[in-house]
Amino acid sequence: MAEFLSTYGSLIVSMVLGALLGLSLYLPLMTGQLSVASPGFYALGGYIAAILSTKVFTTSNPFPIHLLLLEMFIAGVASGLLGLVIGIPTLRLRGIYLAIATIAFVEVLRVVSLNLDITGGAVGIFAIPQPFQTPIEYLWIALPLLIISMILLYRLERIRIGRAFTAIREDELAAGAMGINPTYYKVLAFTLGSILAGVVGAISAHFLNTWNARQGTFDASIIYLTFVLIGGSRTFIGSVVGGIVFTALPEILRNLADTTGLPTPLAQFLRDGRLIIFGLLIVIGTIFFPQGLITPELLKGRRHKTGDTRK
């Protein structure tokens, strides 16, 4: 077990962080908004943690846990405020226009980070201090955050705010006629997703030990979108499963290419064609599984069967 955790510790933590990023994209989708802005807030949270830990909280390794928690809080607040500022004007858009606006936001943040001295420009920020000695120890932070996020989303879906989210997603005009303010709830969902993405970015900056503009790109938007669209866009469990599976998929494909003796072109495609494979999965998934692999009906069916077994 120790050897397994030592070998795959980084991948396991990355899978948990991928599930959290899937949830950050799922929150706007709860109101029917196709936003791909999460990589921008993820990059912002990472830059905040990297700058604070290397230029403000100048301490020796191991980096104190309480300072990491403080960085997560600051990153979440900053991302939430920026999400509020961005969300109020952009969330009046719908469909593909909203997606284009959020892609533009991600690209603006990337270009800004490439041209600022404090972010290290194209090189980025290196030697970010580590709060843990081994990668697997980051589960002490990432896993509780995932569990708490899932519990909060479970409760959110069952209170008035969550029901308003669902009503807006199903029919915005009908929701407005019932007295629900669509703009307010869409901005709220967008802001909550921004906060979660910023917090995950703060953890990831320390986990990766380096941070640069490549962390928040359009490519990342496609990957996170795959988590939700293929995993399931109607339940948070689908986003969690999608984040875990599709974070592990490149490593699985790489091992498949290295161990099965495939022809060189095919092996090279499995190693380097991650985005092509993800794009194909989005196309195939949206055709055959428009609501993703995991749907509320599937989960209800399983619970129903469990109840029958107990009887």
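Ser24, Leu25, Pro28, Ser35, Ala37, Ser38, Phe41, Phe190, Gly193 and Ser194 line the largest cavity. On a 1 Å grid over the protein atoms alone, a cavity is a set of points where a 1.4 Å probe fits but cannot get out, and lining residues have an atom within 4 Å of a point. This is a predicted model, where local features need pLDDT of at least 70 and side-chain atom pairs count only at pLDDT 80 or more, while totals for chains, interfaces and linings use all residues. Residues are numbered from 1 along each chain as its sequence is written, and side-chain values use heavy atoms, leaving out hydrogens and water.

How many cavities of 30 Å³ or more does a search of the whole structure find? The search finds 1, and the largest cavity has a volume of about 50 Å³. A volume here is the space filled by probe spheres set on the points, with grid points joined across faces, edges and corners.

Helix 1 (2-29), helix 2 (38-56) and helix 8 (182-208) each give the cavity lining at least two residues. Helices are DSSP runs (H or I, at least four residues), numbered from the N terminus.

## The open pocket

Now for a pocket, an open set of points with protein on both sides within 12 Å along at least five of seven lines. The largest pocket has a volume of about 680 Å³. Its lining has 25 residues, and Ser14, Tyr42, Leu208, Thr247 and Arg274 lie nearest the centre. Which element supplies the largest share of this pocket's lining? Helix 1 does, with 6 residues.
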